Amino acid sequence: MVLEATMICIDNSEWMRNGDYSPSRFQAQADAVNLICGAKTQSNPENTVGVLTMAGKGVRVLVTPTSDLGKILACMHGLEIGGEMNLAAGIQVAQLALKHRQNKKQQQRIIVFAGSPIKHDKKSLEMIGRKLKKNSVALDIVNFGEDDEGKMEKLEALLAAVNNNDTSHIVHVSAGPNALSDVLMSTPIFTGDGEGGSGFAAAAAAAAAAGGVSGFEFGVDPNLDPELALALRVSMEEERARQEAAAKKAAEEASKQEKGGEEQSSSQEATMTEHASGGTSEADNKKNDLSDDDNALLQQALAMSMDEPASSHDLQDMEMPDVAADDPELALALQLSVQDSTKDSSSQTDMTSWGRSK
Amino acid sequence: MSAAESTTAIQRSQVDLLDFIDWSGVECLNQSSSHSLSNALKQGYREDEGLNLESDADEQLLIYVPFTQVIKLHAIVIKGSEEEGPKTVKLFTNKEHMGFSNVNDFPPSDTAVLSPDNLKGRPVVLKYVKFQNVRSLTIFIEDNQSDSETTKIQMIALYGSTVETTDMKGLKKIEEH
């Protein structure tokens, strides 16, 4: 949340027509500028940002430091590409613009997009750097585009001359599928030395991820819909737990599977009433009917319900045609309990939040 | 005799203005981060000879000192080493946020060229009439004794007296009943 006035120096020279950054170098630069302006103004509402162009007919200040994002975005419109970049003059004009900022309490920062070759020599760049340091102006350099010999060296020398306690940074972005703005988002230029703009950066990264492949579980962004994400996760874990327990009991139940079909069906009734204990009267009747069957049978029934995902699957599939044919009352009970069990998966998650007791 | 005069001048109802410095607004341009202004101004640090204020990119320094109330400035003491101590010192009153580029835009309230004596602790008596109504003081150190790369200052002390003005920070809101 550092209070800062920033001047962004844009390179609009002929070299920016090149398309090695998508869609073109200049467009990539413009996107990056928009993102930076947004991040700066969001990290502190009193921050101001200004923009100037370094190439064309000469260095031209498009907008003086302002906190009005609309003005900044508007001035990026209709910019023409041409000429050669004048780095030294650009930085000096930026320094002047910052000197005359309205709020003298703001820290001064210059962000330079260096896309074309640099014709100044290392000495003069170092002098400029020292002058910036003397006036406590921080400098961020984005090295992209043309990469002729000596360019990186010169920029590193400039950075070394300006740098005071790591407030200045340099970022090298090479051409490739990654957009210039995406690469910048993870750098200290965007994140503001580790605080402030990081919230904006995280949100932008989340939006980018959601727009492309959904990197989140269940396709739901926890930031957007935390309750739905929680519900999905809980039901997924329950299903997993159930299946694990079923796998455990599989070996134990090998012998018990040889029991008679009626006992199976009655125990399945019992299990369904277990599931359906939302407190329906039908379920209660069922339990009373089965009381003579003993706790032992009930235990078996419980074990059976854990046993074989196939049978529990059946429970949810509601396929009990032979059982239903025997007993219409049973069929009704089955239907009710099946309805309840399908409601259960959602009601169980509700229970966690509403605390409804079984 | 002049030495005796200046020391008595200090004693004669002139106080060390350390207590009236508004520390929240103190700034120094072109100071080295490891050797900052506190080493020269703050009580305890300035007496320590090992702790200096040092310049960074070149030998000039611009120090801005606001005060909590209006003061009259009588004399200043600047202590430093013989080679790297400051030589030409310009003082400006009541000018906020000066930069190195506009130090030459208006005349200073006073200029002092420090001699080795001054650097040992002899106070520099200022043109008192120019410093009657001082809310803030800007000290511009233009060069040093031996024209070396950096300027080192061991202590800066300001002597003067206060004008009876209200310290706005001391005002407290009266509770309404």
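Predicted model: local features only at pLDDT ≥ 70, side-chain atom pairs only at ≥ 80, totals over all residues.
The interface of the two chains is described first. Chain A and chain B bury about 870 Å² between them, and 49% of this area lies on carbon and sulfur atoms. In chain A, the residues that lose the most area to chain B are Lys99(A), Lys104(A) and Lys134(A), which together account for 55% of what that side buries. The contact is made up of nine residues from chain A and 10 residues from chain B.

Specific pairings cross this interface. Two salt bridges are found between chain A and chain B. In one pairing, the side chain of Lys133(A) meets that of Asp56(B) in a salt bridge, at 3.5 Å from N to O. On the side of chain A that touches chain B, helix α4 (residues 122–134) of chain A gives the most, with three residues. Sorted by class, that side of chain A has no nonpolar residues, four polar residues and five charged residues.

Salt bridges are also a subject for the model as a whole. Over all chains, the count comes to 18 salt bridges. Several of them can be followed residue by residue.

In chain A, Arg25(A) and Asp20(A) meet through their side chains in a salt bridge of 2.8 Å, N to O. Are the two partners buried or exposed? Arg25(A) counts as buried, because its relative accessibility is 3%, under the cut-off of 20%. Asp20(A), at 30% relative accessibility, counts as partly exposed.

A second pair in chain A lies within one helix. Glu239(A) and Arg242(A) are both in helix α9 (residues 226–256) of chain A, three residues apart, which is about one turn of the helix. Their side chains meet in a salt bridge at 3.1 Å, N to O. Glu239(A) counts as partly exposed, with 30% relative accessibility. Arg242(A) is partly exposed as well, with a relative accessible area of 31%.

The side chains of Glu142(B) and Lys90(B) meet in a salt bridge at 3.4 Å, N to O. Glu142(B) lies in the loop between β8 (134–141) and β9 (152–162) of chain B, whereas Lys90(B) belongs to strand β5 (residues 88–93) of chain B, and the two are 52 residues apart. Glu142(B) has a relative accessible area of 23% and is therefore partly exposed. Lys90(B), with a relative accessible area of 16%, is buried.

Salt bridges can also join more than two residues. In chain A, a network of salt bridges links Glu4(A), Lys40(A), Arg109(A) and Asp140(A).

Where is Asn44(A) found? Asn44(A) sits in the loop between α1 (25–43) and β2 (48–53) of chain A. Although placed in a loop, Asn44(A) counts as buried, because its relative accessibility is 10%. Which residues does Asn44(A) touch, not counting residues up to four places away in sequence? With those set aside, Asn44(A) touches Met1(A), Val2(A) and Leu3(A).

Conventions:
Residues numbered from 1 in each chain as written. Chains lettered and ligands numbered in written order. Heavy atoms only, no water. Contact = heavy atoms within 4.5 Å. Buried area = accessible area lost by both parts, 1.4 Å probe. Salt bridge = Lys/Arg side-chain N within 4 Å of Asp/Glu carboxyl O. Helix = DSSP H or I, 4+ residues; strand = E, 2+ residues; numbered from the N terminus. Nonpolar A, V, L, I, M, F, W, Y, C, P; charged D, E, K, R; others polar. Buried < 20%, exposed > 50% of the residue type's maximum accessible area, 1.4 Å probe, protein only.
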